[in-house]
Structure formats: structure tokens, C-alpha cells
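The sequence and the structure follow.

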Amino acid sequence: MSKAETKEEMQQDNAPNVLLQTHDIQKIYTQGGESLTVLNNVEVQIKAGEMVALVGPSGSGKSTFLQVVGLLDRPTGGQLLIGGEDAASASDDKRTKIRRDYLGFVYQFHYLLPEFSALENVVIPQMVAGVKRKEAVEKAKTMLTDLGLDHRLDHRPARLSGGEQQRVAIARALANDPKLLLADEPTGNLDPETSDGVFEMLLGVVKQHGIGAIIATHNMQIAERMDRILEIKNGRVISY
Ligand code: ADP
Ligand code: MG
């Protein structure tokens, strides 16, 4: 890399619209004396409001990448800036704070609290973040209604269909106003038809909230509708 490029990148780091920037991120798993390099020299930049797809074959490192940039796991090396703050080497407390301030997560499995209604599942994380109950309930109702679930507010997860469960999980992920949504094959567990419907709604609410998103998917039709595609290949992430 030339000096000019490095300088340009550093300027971009400081630009207010850069939400996430990695420099030479590496992730190596070591198990029983064997080491496996999953991410190598990863350079990724995500701007505020940008929606990108994350693709790559199974086992290529999509989940690893999302866990590292989502501050659920630490990289083996490299820099990770979120909102200009260095998150890779920050303390656990600081990382928790950055995660709360910036990030929302949706996984392949919904991980909703089984004993609570759809509404409560969206209310509780807001209250944990310090929002008053009344306000949290109002917001949860609005979000669930936007996701077509106004008639399911009082249902527990077990009484919801797979697509409905994932829509509740999406509402929960957005409830605390993240600036970046990280979704790891969010419809990977659904049949193709339901998957399409949930994806439409997911893209709709992300746009409506004007936030950024990194969405791991195997669906190239969906991927091509994003602003950009990140592809993991041999540990590197290429963008197009
Ligand atoms: P993807 O989400 O693209 O399917 P993953 O990020 O789950 O890929 O996995 C990438 C590679 O890292 C795989 O070879 C997987 O077996 C390995 N891997 C993932 N997590 C761990 C771990 N905690 N310890 C050791 N190896 C892991
Ligand atoms: Mg995965």
C-alpha cells in the first residue's frame, strides 16, 4: 500500500460518516495445538446508513467476522474502530458500552425469552438500557406493528411461527436505536417463501430507521440489492 493511500484512509477514519473501520484484522483459532487462520489482513469500512451483504461459503468466517466486529469476540490482531473509538483493545466495560451505543444483533435462531410475550421481548432490552416502561412499551408496539405483528403482541415465542419469531428478534435488535445492525443469516432457518417475506421487512425497517447493516446471507438475489457486497475469500474480505 502506498503512503498516499494510507493517508487517505486515515482521513476517512476521522470522517464523521465512517461508522466502522478495521485495519489488518486477524482472527486465529487455536485448538489442540493446531491453529486456524480464519480472518487475515481484513480491511473493511462501513459508512453510516450503508447496507452491505456478507457472503462466502459455509465455514469461510462470516460468523467469526460478525462476532469480531460486533465485539462479541476479540480479534487476534489488528485495529477496529467503531464510531472512531478503538474497540479491539478496549476494556470489557468499554466494549460493552460501545456495543450498547452502536450495535444491534439478529441471529439465525431467534433467542427470544420463552417465558415472555413478543411485546415484553422488545420492552425488556430497552428497560435494561434505562428506558422507562411506558415509553418502552410504546416503542415496542410501534416496532412490532411496523413488522406486521400488531396482532401477536401478547403471544409467547412458542405460539409464533418461525417468520414471526424472527420479526420479533428484528424488532428487539432495533429497539435501542443501534447505528449498525449485524445479522447472521437471519432467515437461514426459514423456508424460502417465509425467508423472502422476512427479508423484505428487515430491509424495510433498516431503511426506515436510516441505519447501517451488515447482513450475512447465502441468498445472492438479496445480496445484490444491498449497497455493496463483502465477500470472505481465504480469510480476506473483498468488497464490490
Ligand atoms: P461461517 O459463518 O462463514 O460458516 P464461521 O465463522 O462459523 O464460518 O467459521 C469459520 C471457520 O472457523 C470454520 O472453519 C470453523 O470451524 C472455525 N471456527 C469457528 N469458531 C471456532 C472456534 N470457536 N474455535 C475453533 N474454530 C472455530
Ligand atoms: Mg455462520
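## Helix α4 against helix α5

In this predicted model, the contact between two helices is built on the α4 side by A118, L119, E120, V122, V123, Q126 and M127, which meet R133, A136, V137, K139, A140, K141 and L144 on the α5 side. Sorted by class, this contact of α4 with α5 holds nine nonpolar residues, one polar residue and four charged residues.

The two helices span residues 118–128 for α4 and residues 133–146 for α5, and they pack at an angle of about 130° with their axes 8 Å apart. Because of that angle, α4 counts as oblique to α5, and the crossing in which α4 passes α5 is right-handed.

## Helix α4 against helix α6

Helix α4 also packs on α6, here at an angle of about 20° and again with axes 8 Å apart. The two helices α4 and α6 are therefore roughly parallel to each other, since angles under 35 degrees are counted in that way. Their crossing, like that of α4 with α5, is right-handed.

On the α4 side the contact involves A118, N121, V122 and P125, and on the α6 side V168, A171 and R172. By class, the residues of this contact of α4 with α6 divide into five nonpolar, one polar and one charged.

## Helix α6 against helix α7

Helix α6 packs in turn with helix α7, which covers residues 192–209, at an angle of about 15° and with the axes 10 Å apart. The pair α6 and α7 is therefore roughly parallel, and the crossing of α6 and α7 is right-handed.

The residues that make this contact are G163, Q166, R167, I170 and L174 from α6, together with T194, V198, M201, L202, V205 and H209 from α7. Divided by class, the contact of α6 with α7 has six nonpolar, four polar and one charged residues.

## The largest pocket

The largest pocket has a volume of about 590 Å³, and 19 residues line it, with F105, P125, R172, A173 and N176 lying nearest its centre.

Which elements each supply at least two residues of the lining of the largest pocket? They are α3 (92–102), β7 (103–106), α4 and α6 (162–174), and the largest share, four residues, comes from α4. In terms of class, the lining of the largest pocket consists of 12 nonpolar, four polar and three charged residues.

## Cavities

A search of the whole structure finds three cavities of 30 Å³ or more, and the largest cavity has a volume of about 70 Å³. The lining of the largest cavity is made by S63, L66, Q67, L72, F105, V106, Y107, L182, A183 and D184, and the elements that give two or more residues to this lining are α2 (62–69), β7 and β8 (180–184).

The residues that line the largest cavity divide into seven nonpolar, two polar and one charged.

Terms used. Residues are numbered from 1 along each chain as its sequence is written. Chains are lettered from A and ligands numbered from 1 in the order in which they are written. This is a predicted model: local features need pLDDT of at least 70, side-chain atom pairs count only at pLDDT 80 or more; totals for chains, interfaces and linings use all residues. Side-chain values use heavy atoms; hydrogens and water are left out. Axes are lines fitted to C-alpha atoms, for helices over the stretch in contact, and angles run from 0 to 180 degrees between N-to-C directions. Angles under 35 degrees count as roughly parallel, over 145 as roughly antiparallel, 65 to 115 as roughly perpendicular and the rest as oblique. A crossing is left-handed if the near helix is turned anticlockwise from the far one by less than a right angle, and right-handed if clockwise. Contact means heavy atoms within 4.5 Å. Ala, Val, Leu, Ile, Met, Phe, Trp, Tyr, Cys and Pro count as nonpolar, Asp, Glu, Lys and Arg as charged, and the others, Gly among them, as polar. On a 1 Å grid over the protein atoms alone, a cavity is a set of points where a 1.4 Å probe fits but cannot get out, and a pocket is an open set with protein on both sides within 12 Å along at least five of seven lines; lining residues have an atom within 4 Å of a point. Grid points are joined across faces, edges and corners, and a volume is the space filled by probe spheres set on the points.
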